[in-house]
Amino acid sequence: MDNNYPNRPNGSPQRPPRNDSPQRPRKRISKELARKRQIIALCVISLIVLIIVIVIAKACSKDKDDSSSSNSKVNTTVTTIVTNTSGPEMTAPLTTTTVVTTFNPDSSGFKLDKYTILLDIGQTDLALVQEYPDGSSEEDERWSSSDDKIATVDAYGHITGVSAGECYITLQSAADPEQEVQIKVKVADPNGSIEQTSEKKEDTTESPQQLAEAPAPPIHDDIKGLTYKEGILLANKTYSMPEDFNPGLEPICEEYFKKLTEDAKKEGLDIYLGSGYRSYKDQVLVYNSYVETDGKEKADTYSARPGYSEHQTGLVIDVNTINDAFGETKEAAWLAEHAHEYGFIIRYPKGKENITGYKYEPWHIRYVGSKVATDIYERGISLEEYLNVDSKYPD
Ligand SMILES: [Zn+2]
């Protein structure tokens with residue numbers, strides 16, 4: 001084979017004849033051939049490039065799939081919360097789809113001591129800010145809740161459970177609104193289901209018309225020995241009432257309690273007056289009997305000493321059966337959500353025992369007018385916190 005080379009050297013004497021007349025069409029053929037070859041080569045290259053592109057694209061899309069599942073950047077995902085309701089009306093599980101922003105704490109200038117908070121209804125907790133974004137400080141904290149019906153947050157970041165469910169509390173910097181961090185809040189349901197939340201959602205459509213209707217309670221400025229703060233008669237372990245203060249059940253309290261029971265009835269709920277006004281003398285009998293049964297120390301956790309009972313204000317009603325089992329009823333759940341619309345507050349909330357001086361009493365409601373009641377309800381605080389007062393016996 002090597003021997004062929006010397007026979008076909010470039011510019012060999014054999015070549016010139018090819019340049020003569022018969023060679024013209026041959027030259028054209030070779031040009032066409034070259035062009036054809038070029039085209040074929042191009043096609044092959046294109047095909048190879050196409051295959052490479054497809055392979056790379058496939059590899060890339062696989063990468064994307066892999067990375068999206070472990071994506072650590074801020075993104076929006078759809079979370080489906082399935083709540084299993086055990087209510088008689090609900091035959092199928094209630095499915096709620098909410099769009100929430102999953103938050104990566106590492107991408108925020110804020111550093112908190114925790115990013116998840118579990119609460120009971122009425123309980124308050126807070127996440128401590130350990131680091132602020134550059135240029136922001138404590139004064140720039142702006143707190144908000146994704147759902148005030150589930151958990152509220154005040155200007156200092158105190159988060160209070162309102163009703164069973166989940167929501168997000170956001171801390172944003174007023175100095176740099178791009179800087180924010182979220183806390184996931186889960187409020188436990190005392191009944192072990194989220195029945196209340198679904199009921200509440202149905203109820204709220206009817207309630208706004210009642211808001212701001214119930215007026216402030218009366219002020220007895222003719223009686224010596226009563227203490228008022230912001231128009232609210234104080235009656236707790238620090239503030240007592242004289243023996244001769246004997247208003248009876250205040251008509252405004254009675255009127256709005258009646259509206260409350262009527263509206264509850266429309267929802268198929270039975271709320272009734274269990275115990276209303278109690279005079280000083282009545283309280284002497286009640287308190288002494290408890291002391292006899294349980295001893296003074298224990299009696300003080302649930303029964304007021306004479307003169308210190310809120311029932312003497314004429315603005316208090318104990319509804320239905322006065323025992324812890326009431327807290328498990330639908331009536332109690334409805335009352336917790338709607339009492340404020342009629343001017344009442346759940347006076348001794350869960351988790352506030354050390355502030356109010358009394359254990360949780362879901363049945364004991366106090367009339368303060370709907371303006372104050374709504375404020376207290378929305379902030380998830382006790383009356384003591386609202387008025388910034390103590391509740392401790394002098395001795
Ligand atoms: Zn009571």
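The dialogue that follows takes up the secondary structure, the sheets, the helices, the cores and some single residues.

Guide: The model is a predicted one, in which local features need pLDDT of at least 70 and side-chain atom pairs count only at pLDDT 80 or more, while totals for chains, interfaces and linings use all residues. Residues are numbered from 1 along each chain as its sequence is written.

Visitor: How many helices and strands does the protein have?

Guide: Helices (H or I, at least four residues) and strands (E, at least two) are DSSP runs, numbered from the N terminus. In this protein there are eleven helices and 17 strands.

Visitor: In what order do the strands of the four-stranded sheet lie?

Guide: Strands of a sheet pair through backbone hydrogen bonds, either parallel or antiparallel. The open sheet of four strands runs S14-S15-S17-S16, and its pairing is antiparallel. Strand S14 (273–275) and strand S16 (344–348) are the edges; each has a single partner strand, so one side of each lacks a neighbour in the sheet. From one strand to the next the twist averages 50°. Two antiparallel bridges join S14 to strand S15 (residues 316–319), and Ser275 has Asp318 in S15 as its bridge partner.

Visitor: Which helix packs on this sheet?

Guide: Contact between two residues requires their C-beta atoms, placed from the backbone, to lie within 7 Å. For directions, axes are lines fitted to C-alpha atoms, for helices over the stretch in contact, and angles run from 0 to 180 degrees between N-to-C directions. Helix H5 (residues 251–266) packs on the sheet and touches S14, S15, S16 and strand S17 (361–367). The direction of H5 makes about 130° with that of S17.

Visitor: What is the arrangement of the three-stranded sheet?

Guide: That open sheet has the order S5-S9-S8, with antiparallel pairing. Its edges are strand S5 (124–126) and strand S8 (151–153), each with a single partner strand, so one side of each has no neighbour in the sheet. The twist here averages 30° from one strand to the next. S8 pairs with strand S9 (residues 158–161) in the antiparallel sense over three bridges, and Ala151 stands opposite Gly161 in S9.

Visitor: What share of the residues is buried?

Guide: With C-beta atoms placed from the backbone, a residue is buried if 20 or more other C-beta atoms lie within 10 Å of its own, exposed if 12 or fewer, and partly exposed in between. Of the 395 residues in the protein, 28% are buried. One buried case is Gln182, with 22 C-beta neighbours inside 10 Å; Gln182 belongs to strand S11 (residues 180–187).

Visitor: Which residues of helix H10 are buried?

Guide: In H10 (residues 370–379) they are Ser370, Val372, Ala373, Ile376 and Tyr377. An arc is taken over the directions from the helix axis to the C-beta atoms. These residues cover an arc of only 160° around the axis, which puts them on the same side of H10. Their cover includes S13, S16 and H11. Just after H10, Gly380 takes a positive phi of about 65°.

Visitor: Which residues have the most contacts inside the largest nonpolar core?

Guide: A nonpolar core is a set of buried Ala, Val, Leu, Ile, Met, Phe, Trp, Tyr and Cys residues joined through C-beta atoms within 7 Å. The largest has 41 residues, and those with the most contacts inside it are Leu260, Leu335, Ala339, Phe344, Ile345, Ile365 and Ala373. S13, H5, S15, helix H8 (330–338), S16, S17 and H10 each supply at least two of its residues. Apart from neighbours within four places in sequence, Ala339 is in contact with Leu260, Phe344, Ile345, Ile346, Ile365 and Ala373. A second, separate core of 14 residues includes Val162, Ala164, Ile169 and Val187.

Visitor: Where does Glu230 lie, and is Glu230 buried or exposed?

Guide: Glu230 sits in the loop between strand S12 (228–229) and strand S13 (232–233). Although not a glycine, Glu230 has a positive phi of about 50°. Glu230 is exposed, with 11 other C-beta atoms within 10 Å. Asn388, in the segment after helix H11 (383–387), has a positive phi near 55° and counts as exposed, with 8 C-beta neighbours inside 10 Å.

Note on methods: Two strands pair if DSSP finds at least two bridges between them.
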